[in-house]
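Please keep the sequence and the model in view while reading.

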Amino acid sequence: MTTSASENVEDTLTSITIPSSSPASRFVNWGLSYECKPLAIFEPENERDCELVLAFARKEGRALRAVGVGHSPSDLACTGDFMLRTTKLNKVLEVNLEKLYVVVQAGITLSDLHCELAKHGLAMRNVGSISDQTLGGIVATASHGSGIGAPSMSCDVSTLTLLLADGSRVSCSRTERTDLFFASLCGLGATGIVLTIQLEVERAFLLRDELCSRTFEDVVTNLDGLVRSSQYARFWWIAATHTVKCSAVNRTQEAKRPPIPWFWSVFMAYHVVQFLLSIGRYIPYVNTLTGRFVAWLSSGSVTLIDDSHTIFNVECRYPQHTTEWAIPFTNAPACLRALHDWMDGEAANPQGIRPHFPFEIRFSAADDIWLSPGYGRETCWVGIAQYRPYGLNVPYTRFFRTFESIMTHHGGRPHWAKAHHFGPEELRRLYPRFDDFVRVLKEVDPEGIFRNEYVRRHIFGEPIGERVWKARKRDE
């Protein structure tokens with residue numbers, strides 16, 4: 001490389017490097033639960049910038065971690081080496097109205113993608129509870145929505161373009177480089193930097209959401225029928241009241257209806273609840289009263305009709321500690337009853353856990369993505385959260401530990417974006433194609449340039465604790 005070319009590379013790298021004096025040079029995830037101070041954070045503006053950052057990381061012998069907005073409530077995105085933020089790689093590159101697909105850069109957020117698709121009368125097939133994440137982050141973790149007939153959102157991807165560790169730019173799909181494709185659809189950021197995603201979409205549609213409350217016993221006894229009686233079913237169980245808020249969502253051609261008024265949906269359900277949660281940090285029994293208050297707020301039957309992504313999304317305004325597990329749908333009744341018995345036991349114990357709410361219960365179809373928690377089986381997802389009112393911390397480890405043991409007992413697989421303690425031995429038992437995934441990683445990245453501490457710990461079994469390196473877990 002000539003001196004002039006070398007200077008141009010250095011100038012480019014400098015221009016896309018966040019100054020170490022900037023608060024943005026420290027990575028903090030959305031839930032405020034993990035943070036790290038990488039050696040450098042780069043914000044490339046095009047694919048050429050990505051190639052230069054990768055070449056620099058190889059030259060320096062450092063790992064390179066590509067991240068989006070940092071929505072994962074774990075150390076999945078954290079690194080003590082180099083970090084590459086994809087948030088400026090957020091363009092829509094192609095819209096095909098005939099074949100119903102779009103090609104986008106991986107750094108686009110779902111909320112921005114919804115807006116771009118709407119301009120063309122299009123929509124995503126299925127969406128999860130939030131749309132703050134980047135599409136690349138969704139693909140990296142095989143994230144899901146809800147609906148026993150709908151697999152993970154990664155299944156809507158038809159082609160990926162990756163920048164591999166050796167600097168080559170490759171495409172993969174179900175017919176081209178298939179092993180790389182199936183590994184990358186839930187690749188944890190370890191197969192390469194995802195540059196572009198070809199996503200199958202459909203004509204924009206409206207959804208009708210019929211909300212009502214049922215008893216826990218009614219829901220569990222009739223679970224199969226309730227789940228299959230609508231296209232997209234989801235439940236929120238508030239353990240303090242033994243009631244479940246049920247959402248039965250179906251496609252409709254009816255006109256939109258006004259949303260829930262601001263007073264109830266924001267002032268009462270957000271501001272008042274947040275104040276009560278802050279008191280619950282000091283008086284745990286207030287959490288039980290708050291759960292009953294929220295159950296009362298949502299006790300009435302309501303019907304909403306709106307754009308698909310608006311109905312799919314459920315606003316989640318609080319930073320939080322959260323975990324979610326996927327169990328076989330056939331195990332769901334027994335698992336939910338075990339959770340119910342545990343919560344009743346805690347409530348009867350004066351020193352028992354007084355958790356936040358709700359238990360979020362969703363469903364998905366079986367898929368064929370190697371590391372997808374829905375691989376090979378209809379799935380029931382159960383998630384819990386401990387909210388951080390006004391950004392303040394709350395106890396959560398004892399609550400999460402028991403929850404995870406119950407989920408594990410019923411065949412649970414952890415959501416990859418959430419914190420968990422499984423290593424390769426446990427994961428190999430849960431995922432029939434786990435060794436194929438590891439093989440692909442070794443083939444496309446033999447030196448491990450895309451293996452951050454999370455990947456090295458969980459996939460390769462290296463003894464790297466969450467506190468050993470520069471990413472610090474904000475514990476209770």
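A residue is called buried when its relative accessible area is under 20%, exposed when it is over 50%, and partly exposed in between (1.4 Å probe, protein chains only). The model is predicted, so local features need pLDDT of at least 70 and side-chain atom pairs count only at pLDDT 80 or more, whereas totals for chains, interfaces and linings use all residues. Residues are numbered from 1 along each chain as its sequence is written, and side-chain values use heavy atoms, with hydrogens and water left out.

Rings of Phe, Tyr and Trp (its six-membered ring) pair if their centres lie within 6.5 Å; planes under 30 degrees apart count as stacked, over 60 as edge-to-face and the rest as tilted. The structure contains 25 aromatic pairs. One of them joins F42 and F82, whose ring centres are 5.7 Å apart with planes at 85°, and the pair is therefore edge-to-face. Because F42 belongs to strand β3 (residues 40–42) and F82 to strand β5 (residues 82–85), the pair ties together parts that are 40 residues apart in sequence. Strands (E, at least two residues) and helices (H or I, at least four) are DSSP runs, numbered from the N terminus. F42 is buried, at 3% relative accessibility, and F82 is buried at 6%.

F263 and F267 form a stacked pair, 5.5 Å centre to centre with 20° between the planes. Both residues lie in helix α8 (residues 262–280), 4 residues apart, about one turn of the helix. F263 is partly exposed at 39%, and F267 is partly exposed at 33%.
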